[in-house]
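Work through the exercises below with the sequence and the structure at hand. Try each task before reading its solution.

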Amino acid sequence: MSDHHHGHGHEHHRASPLHRLTHLLTPHSHETADRLDSALESSARGMRALWVSLAVLGVTALAQAAVVVVSGSVALLGDTVHNAADALTAVPLGIAFVLGRRAATRRFTYGYGRAEDLAGIVIVLTIAASAAFAGWTAFDRLLDPRPVEHVPVVAVAALVGFAGNEWVARYRIRVGRDIGSAALVADGLHARTDGFTSLAVLLGAGGSALGWRYADPAVGLAITAAIVFVLRDAAREVFRRVMDAVDPALVDRAERALTAVPGVRGVGELRLRWIGHRLRAEVAVVVDGEATVREAHRVAVEAEHALLHAVPRLTAALVHADPEPVPGAADPHLPLAHHAVR
């Protein structure tokens, strides 16, 4: 689940005898209770990041909204709406984190971690809606330009928007990457784009101060384009997570850890998938064909242990032991061949 698995000696067979003894005497279990504690801890960090960023963005949006009322700036209006939408995305993501803490049931046998991926889809749709609103408002003002009042106040509001969004973006992205939440990272990217669009509002205010009447709606259209770009990145991130995509480097890392386990003579099918911000693995390892059931089970347990240490945020691994093939012998999986997906 956390980097604890990675940072705490996953190559025991290469360690010195003293290190092995220390490792045996140090409490470090991968039992269900310990993995659940790590899962709850990561969800708690995600919730804390959401509520803190919600408060910061809420205050930022309210301050900007007050300036929109007195200035009539359509560029600042688009930025304010985007900030408000970004703040509100904390709600579905927060619900997803709460659901993710629930234990698996006989109906939802993998738990409720997928709720986080659904929240990511909601975030993408929210970004798309804010882009459509900002674009429509800017285009309407381009056809019917109006002067922007209180330009210095608009400039200050833009700077406030940039500072608030950049802080929230850094915070969300850092926590999202730490706990493996694609939805939280997407939300952080959303906030970062809001920060740069706030700087664009500052440019619009400068153009209005110089007397260019189309500066404000032109910047509004530029903001719309920026939102579309972040929409593309966020949609790609969420789509990959929904389609069970993982970083190939994680697969390589898992294979290296498995091949280093004494008794593993080969690695067959290896699958990794995200469920929320946690990883699960399914793998077949090749063992000595003459090994007893107990010996094969011991190798499988050591293989799972090695995976839990080597792959960050991995909470469980199902390891299947296959006997090493004998030349001329029938494939033991032959009875399953007609069930293969074509």
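A patch is built from residues with over 30% relative accessible area and no salt bridge, and nonpolar side chains are joined within 5 Å. The model used here is predicted.

**Exercise 1.** Find which residues form the nonpolar patch on the surface, and state which element gives the most to it.

Solution. 
- Step 1. The members of the patch are L118, I121, L125, F239, V242 and M243.
- Step 2. Together these residues have about 600 Å² of accessible area.
- Step 3. Two or more residues come from each of the elements α5 (115-143) and α8 (215-242).
- Step 4. The element that gives the most is α5, with three residues.

**Exercise 2.** Decide whether M243 is buried or exposed.

Solution. 
- Step 1. Locate the residue: M243 lies in the loop between α8 and α9.
- Step 2. Recall the cut-off: exposed means over 50% relative accessible area.
- Step 3. The relative accessible area of M243 is 54%, so M243 is exposed.

**Exercise 3.** Classify L202 by its relative accessibility, then describe its surroundings.

Solution. 
- Step 1. L202 sits in helix α7 (residues 182-209).
- Step 2. Buried means under 20%, exposed means over 50%, and partly exposed is in between.
- Step 3. The relative accessibility of L202 is 28%, and therefore L202 is partly exposed.
- Step 4. Leaving aside residues up to four places away in sequence, L202 touches A155, A158 and L159.
- Step 5. V219 is 17 residues from L202 in sequence, and their C-alpha atoms are 9.1 Å apart in space.

**Exercise 4.** Describe the open sheet: its strand order, its pairing and the helix that packs on it.

Solution. 
- Step 1. Three strands make up the open sheet, in the order β1-β2-β3, and the pairing is mixed.
- Step 2. At the edges are β1 (266-275) and β3 (314-323), each of which pairs on one side only.
- Step 3. From one strand to the next, the twist averages 15°.
- Step 4. Helix α9 (residues 248-259) packs on the sheet and touches β1 and β2; the direction of α9 makes about 135° with that of β1.
- Step 5. Now take the pairs in turn. β1 and β2 are antiparallel, with eight bridges, and W274 has L279 in β2 as its bridge partner.
- Step 6. The hairpin of β1 and β2 has two residues between the strands, and G276 there takes a positive phi near 70°.
- Step 7. Strand β2 (residues 278-287) and β3 run parallel, joined by nine bridges. In this pair, L279 has L314 of β3 as its bridge partner.

Definitions and conventions:
Residues are numbered from 1 along each chain as its sequence is written. This is a predicted model: local features need pLDDT of at least 70, side-chain atom pairs count only at pLDDT 80 or more; totals for chains, interfaces and linings use all residues. Side-chain values use heavy atoms; hydrogens and water are left out. Two strands pair if DSSP finds at least two bridges between them. Helices (H or I, at least four residues) and strands (E, at least two) are DSSP runs, numbered from the N terminus. Axes are lines fitted to C-alpha atoms, for helices over the stretch in contact, and angles run from 0 to 180 degrees between N-to-C directions. Contact means heavy atoms within 4.5 Å. Buried means under 20% relative accessible area, exposed over 50%, partly exposed in between (1.4 Å probe, protein chains only). Patches are made of residues with over 30% relative accessible area and no salt bridge: like charges are joined within 9 Å, nonpolar side chains (Val, Leu, Ile, Met, Phe, Trp, Tyr) within 5 Å. Accessible areas come from the Shrake-Rupley method with a 1.4 Å probe; for residues, only the protein chains shown count as cover. A salt bridge is a side-chain nitrogen of Lys or Arg within 4 Å of a carboxyl oxygen of Asp or Glu.
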